[in-house]
Amino acid sequence: MNEPKSQAAKPHSAEFFNESRDYWWNLDFLRLMAQRLRFDDVRRVLDVGCGVGHWGRSLAHVLPPEASVTGLDREPEWVRRAGEEAARAGLGRRFTFAQGDAMALPFADHSFDLVTCQTVLMHLSDFGAGLREMIRVTRPGGLVFAVEPCNMASMAVFSSVTDQFPTEVVAAWLRFQLTMQRGKRALGLGFNSVGDLVPGKMIELGLRDVRVYMSDRATPMLPPYDQPHQRAEISQLKDWYAREHWMWDKATARSYFIAGGGQEPEFAALWQQAGRQMAAELAAMDAGTFHCANPHITYLVSGRVG
Ligand SMILES: C[S@@+](CC[C@H](N)C(=O)[O-])C[C@H]1O[C@@H](n2cnc3c(N)ncnc32)[C@H](O)[C@@H]1O
């Protein structure tokens with residue numbers, strides 16, 4: 001199933017490859033993960049759905065220097081840009097990129113020591129089939145390592161603006177989000193809260209030593225918003241607000257809402273309410289009164305093959 005037309009005009013996830021993505025990880029936490037998951041004997045890495053390479057470049061800090069990374073993405077534009085970004089980061093010799101489908105990886109069985117992905121299973125029509133492919137190309141004893149969110153949990157976070165919203169408004173917001181997420185899934189475009197389900201699926205697919213961690217990174221929005229991640233997030237929000245883009249553009253959001261069982265008039269009201277909320281949040285940022293602990297519920301799930 002392809003993206004709805006409005007989103008399909010751009011390569012997949014184009015709206016999400018902005019500067020904010022550079023602030024997703026605490027490096028000392030990734031070092032701890034590398035230690036816990038024994039990255040020291042990893043030499044061949046596959047980064048499935050690499051996009052422009054943010055995840056692979058983050059991992060490069062904690063992988064052995066001899067490790068080489070292959071990034072794979074369906075979108076030719078991301079494959080090209082990932083190569084440019086890796087070269088710019090001085091990683092050109094260790095990183096190669098290829099175009100291909102996560103659901104039919106163009107690699108032989110047991111080709112890699114570590115097969116990983118970040119926010120990719122959430123976009124697959126059948127994340128179990130995607131995981132099965134990742135397992136197939138991992139050597140016996142190797143590691144499958146998936147980083148996936150529960151966006152429903154992130155949607156339930158309060159800010160200084162939403163804190164006093166009536167219960168019905170908060171409940172309507174959550175129902176709006178869940179209806180769209182379920183609609184996206186019903187259209188075969190993946191489930192944005194798949195992180196909750198990945199560990200169980202790994203067990204079902206025969207992985208052993210399945211472990212679940214959570215990113216220790218919050219990106220608090222606190223006045224005076226002068227940290228790089230805060231400036232990046234405000235600039236993203238302003239850009240989205242100017243284009244009436246609340247996570248998705250309106251046509252895409254509507255198609256997900258309807259596919260999730262929602263009704264057209266209800267969508268119009270909920271879309272407007274979401275816009276009012278974003279306007280209130282931006283105004284509070286301008287006034288220096290906005291604050292939110294701002295966690296992003298992101299799991300790191302690993303399992304050993306064989
Ligand atoms: C949200 S982005 C994540 C990119 C990167 N992993 C990161 O964290 O920065 C999802 C990526 O998965 C890619 N993708 C989606 N479906 C795919 C598929 N079936 N095969 C390969 N790549 C896919 C998209 O093109 C996009 O680059």
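His-123 counts as partly exposed, because its relative accessibility is 22%. Here, buried means under 20% relative accessible area, exposed means over 50%, and partly exposed lies in between (1.4 Å probe, protein chains only). The model is a predicted one, in which local features need pLDDT of at least 70, side-chain atom pairs count only at pLDDT 80 or more, and totals for chains, interfaces and linings use all residues. Residues are numbered from 1 along each chain as its sequence is written, and side-chain values use heavy atoms, with hydrogens and water left out.

His-123 sits in the loop between β4 (112-118) and α5 (127-136). Helices (H or I, at least four residues) and strands (E, at least two) are DSSP runs, numbered from the N terminus. Leaving aside residues up to four places away in sequence, His-123 touches His-12, Ser-13, Lys-184, Leu-189 and Gly-190. Contact means heavy atoms within 4.5 Å. Pro-149 is 26 residues from His-123 in sequence. In space, the two are 11 Å apart, C-alpha to C-alpha.

Two strands pair if DSSP finds at least two bridges between them. Axes are lines fitted to C-alpha atoms, for helices over the stretch in contact, and angles run from 0 to 180 degrees between N-to-C directions.

Strand β1 (residues 44-48) runs parallel to strand β2 (residues 68-73), and five bridges join them. Val-48 has Leu-72 as its bridge partner in β2.

β4 is largely enclosed by the rest of the structure, because seven of its seven residues are buried. β4 pairs with β5 in the parallel sense over six bridges. Thr-116 stands opposite Phe-145 in β5. The chain crosses from β4 through α5 to β5, and this β-α-β crossover is right-handed. A crossover has that hand if, with the strands pointing away from the viewer, the path from the first strand over the helix to the second runs clockwise.

Nine of its 12 residues are buried, so β5 is largely enclosed by the rest of the structure. β5 pairs with strand β7 (residues 298-304) in the antiparallel sense, over seven bridges. In this pair, Pro-149 stands opposite Thr-298 in β7.

Helix packing was examined as well. Two packed helices are described by the angle between their axes and the distance between the axes. The axes of helix α7 (residues 167-186) and helix α10 (residues 250-259) come within 6 Å and cross at roughly 85°. That makes α7 roughly perpendicular to α10. Angles under 35 degrees count as roughly parallel, over 145 as roughly antiparallel, 65 to 115 as roughly perpendicular and the rest as oblique. From α7, the contact involves Phe-176, Thr-179, Met-180, Gly-183, Lys-184 and Ala-186. From α10, it involves Ala-253, Tyr-256, Phe-257 and Ala-259. By class, the contact of α7 with α10 has seven nonpolar, two polar and one charged residues. Ala, Val, Leu, Ile, Met, Phe, Trp, Tyr, Cys and Pro count as nonpolar, Asp, Glu, Lys and Arg as charged, and the others, Gly among them, as polar. Lys-184 of this contact is also one of the residues that His-123 touches.

Backbone details complete the account. A cis peptide bond joins Pro-223 and Pro-224, with omega about 10°. Pro-224 is in the loop between β6 and α9 (228-242). Tyr-225 lies in the loop between β6 and α9. Its phi is near 55°, a positive value in a residue other than glycine. Tyr-225 is buried, because its relative accessible area is 8%. Glu-244 is in the loop between α9 and α10. Phi of Glu-244 is near 50°, a positive value in a residue other than glycine. Glu-244 is partly exposed, with a relative accessible area of 37%.
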